[in-house]
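Thanks for coming, everyone. I'll keep this brief. Please look at the sequence and the model first.

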Amino acid sequence: MTRLQGLQDTIQNIQQIMQEDRFDLAFQTLDQIYPTKNEQERAQLALFAAELYALHGPELTDEGLGALVSAAELDESIAETPRFQVLRGFFLSYGEETEDAREDAHAGMKGDEVSRFFAACTLMNLGEDAEARSILEKLSDNGMPLHLQWRYHAWYGKLLDQSGEFGPASEQYRAALRIVKVPWHQFVLSLDLSNILLSLNELQDAQKLLDYMASHLDQVTPEQKLQYAYTIAQVHLNQGHYPESLKWIEDADALERELGDPSYGVALVYGQALMGLGRPTEALAHFKDALNLTETETSYCLHEIGIAYLDSDQPLEAMEHLQRVLRDQDYAYLPEAQADLADAEYRLGRLTEAENLAQEALEQGAVVPASLVLGNIAMDYYHLDDALGHYQRVADTAAEGGREWLVSQQMLADILVQQGFAQPDHILNHAEQALRFTDPSDDWYLTLQGYVSRARDVLQQSDQRTLN
């Protein structure tokens, strides 16, 4: 066996150790072998040590640069290789020498798969995502050791996630998970994948993954536990599982307080979970916290505060906040905010103003909230046919089981009853649909049960007359 082959075998042995991220054992092995090698071989081992330091990220930058200095002192020619240059650039990308880091990244693009991978990582650190992506798109994991293969897929997934390409990003994270063997990395990757599934609205898959991860919570850091609690709270929230969402967001809030770093996201979801449980007064405090913790989502928070004031039967306060929202012409949900303002006007008895605002909001695309207001106004004028049309529009558009959908089903059944049971099959359908999601303690519950019973009697009598 040649000395070169022996060196390669040593590096491969350490790469196998790194499949389990055993940095301690990897460096211990390097320390044991290093004195037995000649200067050229030591230079290669020092270069490899720098690569291992790079996998730690920014915290071992000084050690990594020191390993590169040692390698160059032992073998001057090694400083001209793409691997040396790209590793130097990678460490520099965490500091202020960004131009040097960029030049070194470009030098690394002339090397093998590992060097090109580190070139892409360096460019991502520098914010050059488009150029990093052009490298990763042409790269495969075939020429990399396993401990770098999963990192390649993870970094590529992160890049795709940041650009909003959630489907391709999820595939990269799944590829990484098929390779990685370390439980802690599996947890982190699964958490990243869960957030992508949340963005894709694949909520059941996200919950299954998060439920599977729960058994590893005692092995991760408080920061990771916080991120887990926040993510699963959002998944439950988006499925309408409000008690479960509140439980997890309370855990996230407690962890944030322990860590001393409150966030906009946790405060917002806390408020939204309370809103889902019909506790708007409590939700207001959390929405106001969220407002104080953000500079970029001010209008969204004001909108949530406005809705919470509406649900707390404080229409004047709701109007104040919703009018502030409408001054932001870049806000993505302006029609919905206008529909909510119409609701505030309606609750103050200003029916003409409310109808004009709601009709305009409907024309701008806020179908559900605007139609609810228009339906309520039509009911006040006892224009039952108009009200039917508005509530039917809500039933056809809103998410099944949501508050707006439930209100529309209840009102459709009620109006048809007021019209004299001319359409008992429709009454039965709407009342049964509403009963599925109406709390038994709600006054509507007994009313709907009465509608169901009466509609069935009418239908049975009709069948008997037909048979006779």
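A word on sources. This is a predicted model, where local features need pLDDT of at least 70, side-chain atom pairs count only at pLDDT 80 or more, and totals for chains, interfaces and linings use all residues. Residues are numbered from 1 along each chain as its sequence is written, and side-chain values use heavy atoms, leaving out hydrogens and water.

Back to the pair. Helix 20 covers residues 351-363 and helix 21 covers residues 367-380. Their axes come within 8 Å and cross at roughly 145°. Those axes are lines fitted to C-alpha atoms over the stretch in contact, with angles from 0 to 180 degrees between N-to-C directions.

Who touches whom? Contact means heavy atoms within 4.5 Å. Helix 20 brings residues including Leu351, Ala354, Ala358 and Leu362. Helix 21 brings, among them, Val367, Ala370, Leu374 and Ile377.

Now the whole chain. The protein has 25 helices and zero strands. These are DSSP runs, H or I of at least four residues for helices and E of at least two for strands, numbered from the N terminus. The radius of gyration is 31 Å, well over the 23 Å that the globule rule gives for 468 residues, so the protein is more spread out than a compact globule. That radius is taken over C-alpha atoms, and the rule is 2.2 Å times the number of residues to the power 0.38. Along its principal axes, the C-alpha trace spans about 105 × 55 × 40 Å.
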